[in-house]
Amino acid sequence: MIRFVFSRFVYMVLTMAAVSVIAFILIQLPPGDFADSYANKRQQAGAPITTEELDNMRHQLGLDQPWHIQYGSWVSNMVLRGDMGYSWEWRRPVADVIGDRLPLTLALAFSTLFLMYLIAIPIGIYSAVRQYSATDHLFSTAGYVGLATPNFLLALILMYLGQKWFGQSVGGLFSPEYQDAPWSWGRVGNLIEHLWVPVIVLGTAGTAYLIRTVRASTLDELDKMYVMAARAGGLSPMRLLLKYPVRMALNPIVATLGWRLTYVISGAPIVGVVMSLPDTGPLFLHSLLNQDMYLAGGMVLIYCAFTIIGTFISDLLLILIDPRIRMQGN
Amino acid sequence: MTSPVLAIPKLKKSNRRPEMATQWQLMWWKFKKHHMALVGMIMLSLLVFSAVFAEILSPEIPTERNNKYLASGPMGIHFFDSEWNFHLRPFVYSRSTKRDPVTLRKIAVVDETKLWPIEFFVTGSPYKFWGLVETDIHFFGAKGGFVHLFGTDSLGRDVFSRSLYATRISLSVGLVGVTFAFILGAIIGGIAGYFGGIIDNLIMRLIEFIRSIPTLPLWLALSAALPREWSSLQVYLAITVILAMIGWTHLARTVRSKLLALREEDFTVAARLSGCTDMRIILRHLLPAFMSYMIVDVTIAFPEILLAETSLSFLGLGLREPAESWGVLLFAAQNVRSISHMPWLLIPGLFIIVAVLAFNFVGDGMRDAADPYSK
Amino acid sequence: MKKGVLLEIRDLHITLDFDGDDIPIVQGIDLELPAGKVLALVGESGCGKSITSQALLRLLPREVRISSGEINFRPTEDQSPIDIAPLNKDGKEIRSIRGNQMSMIFQEPMSSFSPIHKIGDQIGEVIQLHLKVTKAEARRRVIDLLDKVGIPDPEQAVDQYPHSFSGGMRQRAMIAKSLACNPSILIADEPTTALDVTIQAQILEIMRNLKDELRMSMIFITHDLGVVAQIADEVAIMYMGRIVEKGPVSEIFNNPQHPYTVSLLSAIPRLGDLSDRRKLTSIRGSVPSLFERPPGCAFHPRCDSFIPGRCDTQFPPTSQLSPIHEVHCFIHENTEKEISS
Ligand SMILES: Nc1ncnc2c1ncn2[C@@H]1O[C@H](COP(=O)(O)OP(=O)(O)O)[C@@H](O)[C@H]1O
Ligand SMILES: [Mg+2]
């Protein structure tokens with residue numbers, strides 16, 4: 001068990017390292033560097049910068065160093081001082097810009113994840129137990145459509161309907177009076193009132209997928225020999241169902257928690273953009289469109305970090321619920 | 001629970017013995033049992049048909065602007081006129097232009113006194129079919145006027161025609177993307193499965209890694225890094241390559257595991273014992289078993305790529321005008337204001353849903369069929 | 001119901017619902033299990049033995065159902081029998097029988113326990129369900145049972161998970177579970193098939209001893225006549241959902257009358273065989289699928305004594321060779337008449 005935890009931990013660290021390299025490459029990808037774009041802006045402003053000044057600036061910023069040194073200092077600044085670079089677009093440190101908006105992204109991602117499981121598990125189990133019933137067919141049809149609708153399209157449709165029925169925009173996460181207010185219980189309540197639309201948008205496809213997974217793994221378990229053996233002991237159907245197949249089917253569900261988180265995080269930016277939420281989505285898109293690469297790279301890194309940590313946590317949870325893994329190596 | 005049961009009655013009905021049925025036949029029987037898969041097949045065929053014949057099927061060419069019908073809604077096709085007279089030839093009501101007294105903008109209004117009959121194989125704007133054959137025949141059109149089945153966008157372009165053209169581009173992005181993914185997956189999975197050992201291990205780690213990071217932000221970032229001055233063809237190719245990176249991992253896994261399993265499988269041994277040459281073993285036995293799994297994975301990868309392309313283009317980071325894909329069309333519907341004025345701009349979204357649905361249905365049918373002897 | 005009989009199966013039919021078609025699996029079998037005896041149900045794999053045994057406890061898979069017949073059961077001779085066949089599939093009555101008065105052991109010891117629950121909990125659950133005992137008492141009883149079936153260090157074994165048990169140990173645990181409430185009938189569906197030969201012998205030994213000790217009756221299912229000799233009192237030979245021959249074990253072994261029984265017998269290696277150099281024969285062909293059931297006597301395509309126009313048109317009626325020996329085969333059509341006349 002200790003070995004399992006250790007190996008997963010090492011894997012997590014290695015993945016983080018790999019992701020940071022990718023983020024760094026992304027930052028370096030657009031032609032030209034920070035100094036170039038600075039020179040460009042100065043040029044446009046009518047105060048061109050001299051070559052000497054430019055070289056000076058490069059030297060100060062370390063842009064004349066070979067890439068692995070630059071990477072090293074980028075990473076060490078980040079790890080040691082929480083410094084993720086400077087956002088040209090916002091004229092503020094990347095960490096501050098992201099820090100402002102990250103909590104909302106996380107609130108959105110985790111409430112979506114939570115609701116997805118809350119809805120999908122009972123429906124999946126019910127569909128498995130009543131396989132081929134009308135309800136089962138209904139849910140699987142709905143699931144197909146849910147899976148086939150891209151998030152942003154669903155967002156557009158909901159926004160259109162909201163406009164049509166309520167005559168108001170369902171975008172955003174706060175009513176105007178709370179928009180810039182400091183945090184308070186009222187603001188939290190207001191947030192929750194607004195959160196459900198993006199949660200639906202972000203969670204529909206994932207829920208549909210999860211229902212399928214739960215249904216399939218429950219069906220799988222229902223066919224197992226030990227279920228018949230337990231029935232032969234005289235258990236009532238309901239107790240049997242909850243105690244054995246459902247409990248067993250939870251394992252693959254927990255094991256894929258990390259993936260689901262990846263999926264939700266992956267979809268978050270686009271939903272944020274479409275519904276103009278004050279979260280990291282629009283921030284990310286604008287940084288990409290303007291090639292504000294330290295910010296973009298930082299965002300990619302953060303998005304990845306959450307899923308990697310999520311995967312690690314789901315591995316740990318799996319130890320809790322599955323004795324077979326707990327016993328490994330004993 | 002028991003395996004051979006399902007395939008057998010089918011065999012009996014067509015009076016065949018199992019040993020005479022080839023792998024492909026068994027798969028087809030199994031596939032046919034899956035009604036949704038057949039429905040999916042039909043939907044796909046329709047989409048492919050309209051992609052192939054987009055120019056002919058559309059009443060207009062997609063760049064054409066209709067100044068008399070700007071930003072206006074779908075025109076209904078009728079058989080009965082306002083006095084309930086039946087017309088054998090369907091028609092649309094004519095439209096006339098007026099100025100809005102307040103905004104002073106030109107708006108189109110329905111004029112029920114005049115009918116524009118729908119005719120088939122009419123002459124219209126000239127175009128080159130697939131860029132080769134010059135012609136001006138359109139499958140249908142309204143005599144004396146125009147017909148916009150899905151309405152027009154703010155420039156007066158026909159949404160129906162543009163959707164058909166976009167179907168061609170979107171499906172082709174999917175097709176090219178899947179082909180790239182297929183090649184990539186087959187090579188990488190093949191290397192892993194063939195060499196095994198440490199190389200296999202490394203590749204599997206890589207796949208696990210790719211699958212554990214949120215891909216969409218990564219692809220967004222990659223496409224944002226494409227040089228702005230690239231032509232739309234270059235962007236098109238670059239985007240398909242980027243999208244192919246989404247799909248290859250599944251395929252690689254399948255290739256690898258099948259390769260590993262097939263090497264050991266009984267029927268290879270049996271075939272070898274009975275004196276088949278290697279080539280014959282591969283063609284007669286390995287390939288069908290192998291291909292069926294690959295096809296399943298392709299039907300899974302295809303919609304993934306479609307959805308990703310749509311999302312990228314929708315955000316303005318994928319294909320851009322003048323290239324037209326479903327995502328590009330939806331780009332126009334990006335904000336609440338435009339969709340509340342022109343909800344018909346969302347219609348291209350239906351094409352996406354239908355396409356992905358069709359692929360998922362077919363994919364499910366294929367999955368069952370790939371294992372003709374499974375449950 | 002006859003005196004001394006605890007379980008009586010009458011004209012039992014079981015069908016598979018296949019996309020709306022009823023495909024017969026079991027076609028009218030009659031069996032009796034006398035108190036304290038072991039009845040062996042023998043046949044090749046796919047003959048419907050498991051389905052028959054599952055029907056007795058109403059454990060059939062969803063797509064399979066009892067279409068007609070009676071299953072009369074009484075836990076002791078002085079109780080009045082109830083018919084299990086029409087009971088509600090998962091209702092109270094049948095649940096109070098399962099694991100309590102009649103229990104079952106399955107072929108796959110590796111998968112008959114849930115891998116994520118402790119062995120002790122899975123056995124204790126049955127005890128707490130049927131007997132009015134506390135958790136501690138149930139645990140005590142589990143430890144006793146584990147000890148009885150020969151699991152070393154039972155105090156520790158109760159708290160272990162199935163994956164730390166070997167196949168043989170799991171099968172012992174399964175026996176312990178089935179004995180938990182002192183059932184009057186134990187149904188064992190190929191309990192030794194998945195095990196090594198040496199372990200097989202141990203398990204058989206345990207079952208035989210416990211059966212005597214607890215005065216149970218047993219239905220023992222197997223495809224191996226060799227095992228039958230070691231444990232059974234009565235034998236019923238089954239082929240494609242029908243009993244083709246039945247009688248006491250000595251009678252069947254020394255005086256087999258159905259060609260199928262004869263071929264099954266010639267397929268077991270015996271010590272004596274080595275000396276007389278008789279070749280071990282296996283039966284020609286294999287059991288056809290349910291969908292290709294041959295007409296008449298289903299065995300006729302594989303039978304050496306096949307009578308064309310007879311065996312392939314009609315299932316042979318019962319020939320009562322002696323009061324205790326019964327066979328369904330046209331080669332004995334006249335034998336019975338001789339006896340009766
Ligand atoms: N759930 C099921 N679905 C379809 N066919 C089944 C099912 N269970 C058993 N069968 C069929 O019923 C027949 C008898 O099976 P079974 O009782 O398991 O045989 P045995 O135990 O004698 O080996 C076999 O032909 C098997 O294929
Ligand atoms: Mg069996």
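Helix H1 (residues 49-56) of chain C gives three residues to the shell around ligand 1, the largest share of that shell. The model is predicted. Residues from chains B and C surround ligand 1, so the site is shared between chains. Chain B also forms an interface with chain A, in which 43 residues of chain B are in contact with 42 residues of chain A.

**Ligand 1 site**

- There are 15 residues around ligand 1, and those that come nearest are C:Gly46, C:Lys49, C:Ser50, C:Ile51 and C:Glu63.
- A backbone N or O atom of C:Gly46 is placed 2.6 Å from an oxygen atom of ligand 1.
- For C:Ser50, a polar side-chain atom lies 2.6 Å from an oxygen atom of the ligand, while C:Ile51 places a backbone N or O atom 2.8 Å from an oxygen atom of ligand 1.
- On its own, ligand 1 has 560 Å² of accessible area, of which the protein covers 86%.
- The shell comprises seven nonpolar, five polar and three charged residues.

**Interface of chains B and A**

- About 3,900 Å² is buried between the two chains, with carbon and sulfur atoms giving 75% of this area.
- B:Phe209, B:Pro214 and B:Leu315 supply 14% of the area that chain B buries against chain A, more than any other three residues.
- Two salt bridges are found across the interface; B:Asp364 and A:Arg212 meet in a salt bridge through their side chains (3.9 Å, N to O).
- The elements of chain B that give two or more residues to this side are helices H6 (197-212), H7 (215-224), H10 (278-314), H12 (336-341) and H13 (347-370).
- The side of chain B that touches chain A has 28 nonpolar, nine polar and six charged residues.

Terms used:
Residues numbered from 1 in each chain as written. Chains lettered and ligands numbered in written order. Predicted model: local features only at pLDDT ≥ 70, side-chain atom pairs only at ≥ 80, totals over all residues. Heavy atoms only, no water. Contact = heavy atoms within 4.5 Å. Buried area = accessible area lost by both parts, 1.4 Å probe. Salt bridge = Lys/Arg side-chain N within 4 Å of Asp/Glu carboxyl O. Helix = DSSP H or I, 4+ residues; strand = E, 2+ residues; numbered from the N terminus. Nonpolar A, V, L, I, M, F, W, Y, C, P; charged D, E, K, R; others polar. Near = heavy atom within 4 Å. Polar contact = N/O pair within 3.5 Å; in protein donor to acceptor, adjacent residues only side chain to side chain. Areas by Shrake-Rupley, 256 points an atom, 1.4 Å probe, with all protein chains shown as cover.
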